[in-house]
Amino acid sequence: MRIVCRHGHIAFYPRYAVEISQFVEYWGVSLIRVDDYFTFAPLAELDRFSLAGLAYGNLTANTTYEGRNPWDVMRENEFVYHIGSSVLLPKSSIAIQVDPTLSSGFWVPATTLVQPGSRNRAGNQILSYSGEYNNHFAELKVSEYSYE
Amino acid sequence: MSKTLRATCEANVVTAESVTVPAARVLSMGIGESEGILVIDEERADYFTSNASDLDESLEAMIDALGSAASGLSAASSALSTVGTTAGVNPIVLAALLVPISAAASSVESAADTLSEIKARLK
């Protein structure tokens, strides 16, 4: 199953339906289908536009913006999804450092999912990444990180 | 792709979803109270409203003014005719004086009628 984090929004692209059910069962989370991907319930409810001063998810939007997808709006508002508490947070509030190890050409994070907004050893803030999740090993192999 | 929301505007302040939208660009004068739509496309937000009611009021005022002008010209023509006849002005000379006034009154009435027709089929 491919996992794609874009500007703090996390989407799951299973090749087989069983991958979602296995993930949900293993991690005890709920995933909602949106278009061609699955995502966490709070992210599934997000609009693809925001009005400054109006609620956007659990936060108040600080910019007026319309995008093709919710992650465009999250980028403009500088919000990221906090996996542990299931809420949106300003990216500036994330103070987590990650130090993924390189293995066979992939980055393997210590935690299964990398918290968007975390910083690597060089201090760059990870806002996007994509990788392949292996249900058997409950392991994510990240092929690409992006800091925007 | 864009998002369209119902919105209101007064004194160039646009409100949508109960919040003011300072980023909105008002594509009309935006002074009077109006209802319209807010179209958001990426970072651009444009407010549109219909100016038909403003145009309707303007036409009404112009039609009234033209009607008054036509009536005034007709009254002036009648008065001149009365005065001229009483004063013994040659009817041929008097008619020559009154014809332009009557023609002007007709033109003004015609213009008022044209505006009334336009007002009746405002889009």
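## Helix H3 of chain A

Buried here means under 20% relative accessible area. The model is predicted. By that cut-off, Pro70(A), Trp71(A), Asp72(A), Val73(A), Met74(A) and Asn77(A) are buried in H3(A). The helix is mostly covered, with six of its eight residues buried.

Just after H3(A) comes Glu78(A), which takes a positive phi of about 60°.

## Chain A overall

Chain A holds three helices and 14 strands. Its radius of gyration is 15 Å, and a compact globule of 148 residues would have one near 15 Å, so the two agree. Along the principal axes, the C-alpha atoms of chain A fill a box of roughly 45 × 35 × 25 Å.

Of the 148 residues in chain A, 46% count as buried. The chain exposes about 7,400 Å², and carbon and sulfur atoms supply 50% of that area. Among contacts in chain A with a separation of 6 or more, 43% come from residues 24 or more positions apart.

## A hairpin in chain A

Strand S3 (residues 31–34) of chain A runs antiparallel to S4(A), and four bridges join them. Within this pairing, Ile32(A) stands opposite Thr39(A) of S4(A). Two residues lie between the strands of the hairpin. Asp35(A) takes a positive phi near 50° there.

## The nonpolar cores

The largest nonpolar core has 31 residues. Phe12(A), Phe40(A), Tyr56(A), Leu88(A), Leu113(A) and Tyr129(A) touch the most other members. Several elements of chain A each supply at least two residues of this core, including strand S1 (2–6), strand S2 (9–13), helix H1 (17–27), helix H3 (70–77) and strand S13 (128–134). The largest share, three residues, comes from S14(A). A second, separate core has 15 residues, among them Leu51(A), Val14(B), Ala24(B) and Ile40(B).

What does Leu113(A) contact, leaving aside its neighbours within four places in sequence? The partners are Ile3(A), Phe12(A), Phe23(A), Phe40(A), Ile83(A), Tyr129(A) and Leu140(A). In soluble globular proteins, nonpolar side chains tend to be buried together.

## Chain B overall

Chain B has two helices and six strands. Along the sequence, its pattern is β-β-β-β-β-β-α-α. The radius of gyration of chain B is 25 Å, well over the 14 Å that the globule rule gives for 123 residues, so chain B is more spread out than a compact globule. Its C-alpha atoms fill a box of roughly 80 × 25 × 20 Å along the principal axes.

In chain B, 25% of the 123 residues count as buried. Residues 24 or more positions apart make up 48% of the contacts in chain B with a separation of 6 or more.

## The sheet of chain B

The six strands of chain B form an open sheet with mixed pairing. Their order is S3-S2-S1-S5-S6-S4. Strand S3 (19–20) and strand S4 (25–26) of chain B are the edge strands, each pairing on one side only. Strands of a sheet pair through backbone hydrogen bonds, either parallel or antiparallel.

Strand S1 (residues 3–10) and strand S2 (residues 13–16) of chain B run antiparallel and are joined by four bridges. Ala7(B) stands opposite Ala16(B) in S2(B).

## Ile40 of chain B

Ile40(B) sits in strand S5 (residues 34–41) of chain B. Is Ile40(B) buried or exposed? Ile40(B) counts as buried because its relative accessibility is 0%, and the cut-off for buried is under 20%.

Ile40(B) has contacts in both chains. Leaving aside its neighbours within four places in sequence, its partners in chain A are Phe49(A), Leu51(A), Thr64(A), Tyr65(A) and Glu66(A). In chain B, Ile40(B) is in contact with Ser2(B), Lys3(B), Leu5(B) and Ala45(B). Thr15(B) lies 25 residues from Ile40(B) along the chain, and their C-alpha atoms are separated by 13 Å.

## Cysteines

A search of the whole structure finds zero disulfides over all chains. Cys5(A) counts as buried at 1% relative accessibility. Cys9(B) is buried too, with a relative accessible area of 1%.

Notes:
Residues numbered from 1 in each chain as written. Chains lettered and ligands numbered in written order. Predicted model: local features only at pLDDT ≥ 70, side-chain atom pairs only at ≥ 80, totals over all residues. Heavy atoms only, no water. Pairing = 2+ DSSP bridges. Disulfide = S-S within 2.5 Å. Buried < 20%, exposed > 50% of the residue type's maximum accessible area, 1.4 Å probe, protein only. Core = buried A, V, L, I, M, F, W, Y, C linked by side-chain atoms within 4.5 Å. Contact = heavy atoms within 4.5 Å. Rg over C-alpha atoms; globule rule 2.2 N^0.38 Å. Areas by Shrake-Rupley, 256 points an atom, 1.4 Å probe, with all protein chains shown as cover.
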